[in-house]
Amino acid sequence: MAGNDKRRGGMRKTNKKGMVVGSGGQRRRGLKGKGPTPKAEERVSHPAKKRADQRAKADQQRAKRQAAADSQPELVCGRNPVVECIRAGVPASGLYVAQGIDIDDRVNEAVREAKSRGISVVDIPRFELDRLTNNAMHQGLALQVPQFKYAHPEDVLKAAHDSGMPPLIVALDGVTDPRNLGAVIRSAAAFGAHGVIVPQRRSAGITAVAWRTSAGTAAKLPVAKAVNLTRTLKDLKNEGLMVIGLDADADVTSDELELATGPLVVVVGSEGRGLSRLVRETCDQTVSIPMAGGVESLNASVAAGVVLSEVARRRRTR
């Protein structure tokens, strides 16, 4: 009976006095697993969880600081840069003039043109202008320009189709110098491109320096940001555009660029490493610029200008 009772989970004898209640299957249920072990980052008391929370908090703070910075206007500093921006029609909301500075033709022109364009002219103490410009070499003049509003790559393609001409778009792959960016935008506008696309990460943006270098064309030509440049290039290819990349080791030169007269995307690589691997693999063709021997490669903006000039020439003579 004792053996039967034990098998049935009933009463059993022990060394203790009297009868005790059996486990009733509780032990077997206790041996069942509780599912997969959570990752270290998901365990409340684990150090990895605390580190993950700290990283997430730091990322949030960084994003807030970036958003705050993006909402702030920028200042173009220096007499020549300020005059150039005003002449080029760069949108501006204020001209700061330090009190007590030596007045020359550039200062007079900046003040006169700013007033005629409806730009506020503010006289402030020099130390205050030093503070606003973070002690930059302002020479007593600073022009306040708004944060640039980027287009979407689809907007650039729409502008190209609306032009009635074969689309011509310039894409930058890792160009980090804002002066090069501004110069590329200027060349793109000069040679009939319909817009410029820059990656969201690891790329120069439209800063005050880029505004100045573009000579105001950044206000007239759509400039878009791509979350993923490779994916954007593939989307443009699906829309019927051919993608060419500038590469010093390419087999085809700009003199032999037969694709120039059709819908085209010209991709310019970074100042140092050139095209990234994924972007190069996405290109339908890579193109080099013929140069005299013993000459170093051209920088990004000059190379873009040379190839865009050849594209424009072929389109005029087709």
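Helix α4 is followed by G89, whose phi is positive, near 80°. Helices (H or I, at least four residues) and strands (E, at least two) are DSSP runs numbered from the N terminus. The model is predicted, and local features need pLDDT of at least 70, side-chain atom pairs count only at pLDDT 80 or more, and totals for chains, interfaces and linings use all residues. Residues are numbered from 1 along each chain as its sequence is written, and side-chain values use heavy atoms, with hydrogens and water left out.

Helix α4 itself is mostly covered, with seven of its ten residues buried. Buried means under 20% relative accessible area, exposed means over 50%, and partly exposed lies in between (1.4 Å probe, protein chains only). The buried residues of α4 are R79, P81, V82, V83, C85, I86 and A88.

An open sheet of four strands has the order β3-β6-β4-β5, and its pairing is mixed. Two strands are taken as paired if DSSP finds at least two bridges between them. Because β3 (74–77) and β5 (120–124) stand at the edges with a single partner strand each, one side of each is left without a neighbour in the sheet. Neighbouring strands of this sheet are turned by 25° against each other on average, direction ignored. Strands β3 and β6 (residues 141–145) run antiparallel and are joined by four bridges. Within this pairing, V76 has L143 in β6 as its bridge partner.

Two helices pack on this sheet. Helix α4 (residues 79–88) touches β3, β4 (94–98) and β6, and its direction makes about 40° with that of β6. Helix α5 (residues 105–116) touches β4, β5 and β6, and its direction makes about 150° with that of β4. Contact here means heavy atoms within 4.5 Å. Axes are lines fitted to C-alpha atoms, for helices over the stretch in contact, and angles run from 0 to 180 degrees between N-to-C directions.

P146 is placed in the loop between β6 and α7 (153–162). With 35% relative accessibility, P146 counts as partly exposed. Its C-alpha atom is separated by 6.3 Å from that of E74, a residue 72 positions away along the chain. Leaving aside residues up to four places away in sequence, P146 touches P91, A92 and W211.

Strand β12 (residues 264–269) has six of its six residues buried, so it is largely enclosed by the rest of the structure. L264, V266 and V268 point one way from β12, while V265, V267 and G269 point the other way, and all are buried. Strand β7 (residues 168–173) runs parallel to β12 and is joined to it by six bridges; A171 has V267 in β12 as its bridge partner. Strand β10 (residues 242–246) also pairs with β12 in the parallel sense, over four bridges, and the bridge partner of V243 in β12 is V265.

A search of the whole structure finds twelve salt bridges. A salt bridge is defined as a side-chain nitrogen of Lys or Arg within 4 Å of a carboxyl oxygen of Asp or Glu. One of them joins the side chains of R79 and D104 (3.0 Å, N to O). This pair links distant parts of the chain, with R79 in helix α4 and D104 in the loop between β4 and α5, 25 residues apart. R79 counts as buried at 9% relative accessibility, whereas D104 counts as partly exposed at 22%.

The side chains of D162 and K158 meet in another salt bridge (2.8 Å, N to O). Both residues lie in helix α7, four residues apart, about one turn of the helix, and both D162 and K158 are exposed. In a further salt bridge, the closest N and O atoms of R280 and D247 are 3.1 Å apart. This pair also links distant parts of the chain, with R280 in helix α11 (residues 277–282) and D247 in the loop between β10 and β11 (252–253), 33 residues apart. R280 is partly exposed, with a relative accessible area of 33%, and D247 counts as buried at 16% relative accessibility. Salt bridges that share partners join R79, D104 and R106 into one network.
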